[in-house]
Amino acid sequence: MGAMKRAILLVAFGASSAQGQNALKGFDALVRQRYPGVPVRWAFTSLLLRERLALARQKSDSVFKAMSRLGFERFTHVAVQPLQTIPGSEHEQVCAAVAEAAAPHGLVCRVGAPLLQSPADVQEAARALVRHLPAERAPHEDVVCMGHGARHAAVGRYADLDQAVRALDPRVHVGTMNGAALLEDILPRLASSTVWLMPLLSVVGRHALRDMAGAQAQSWRSRIESDGRRCRPVLLGTAEYAGFAELWLRHLEAAAQPLFASAE
């Protein structure tokens, strides 16, 4: 049998802005710090962002292509960690692409869990969210956190997070763009004249800039402000907060530890 070669593949939707790319670089640095000497690669699930990066002459791979590349380079054990929030259809697609690409090369792989995999993760994420609330926010001021949502049973994790967060701070609300708790469910609960907006998305991109904090009539900011309230958006993705990054790192550890131990 040949020598064991270990690698880590990190998966994100993608990032086209400097801030988004820096957020992913920051997470990359944390992973390299924990796994010195283990090559770390990236894959982006968004075809649109991969095409945009290609036009800018920046290389990026899909999950299937990144895994196939590792196979051709004779890697044998790969731990995969997606920077995803819920175990929804996007997570299932990553798992399927990993399995499909691994099979022809005999790669041994494990995929780490998304942020809100278990009830314990939901509690941990709630504590992280409350810990990372804006320092300037007064205790009576409402904070509305916007998640992506999904048409998948796992979208209920956002409602679980909303419940867990409100047990810690009743003025913090979690909603989604589709499914679970929508903004119209949250609006009647708002009581403060100033409302903070935070994205529950790994990096700041189109959704945070346009759908959450944008000036158009249907953005969350506009809909809250039409109620006579003032909005203060905080444009930071969850990958930029230590508490959320730590939870993903813990899921990576759970995938990598048994995998890499078997490779020694």
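Analyst: His148 touches Tyr158, Thr176, Met177, Asn178, Leu201 and His207, leaving aside residues up to four places away in sequence, where contact means heavy atoms within 4.5 Å. This is a predicted model, in which local features need pLDDT of at least 70, side-chain atom pairs count only at pLDDT 80 or more, and totals for chains, interfaces and linings use all residues. Residues are numbered from 1 along each chain as its sequence is written, and side-chain values use heavy atoms, with hydrogens and water left out.

His148 belongs to strand 5 (residues 142-149), while His207 sits in helix 8 (residues 206-212); helices (H or I, at least four residues) and strands (E, at least two) are DSSP runs, numbered from the N terminus.

His148 is partly exposed at a relative accessible area of 30%, and His207 is partly exposed at 21%, because partly exposed covers the range between buried (under 20% relative accessible area) and exposed (over 50%), for a 1.4 Å probe and protein chains only.

An unreviewed UniProt entry lists His148 and His207 under "binding site", and such annotations may be inferred rather than shown by experiment. Although they are spread over 60 residues of sequence, the two cluster in space, with a largest C-alpha distance of 8.1 Å.
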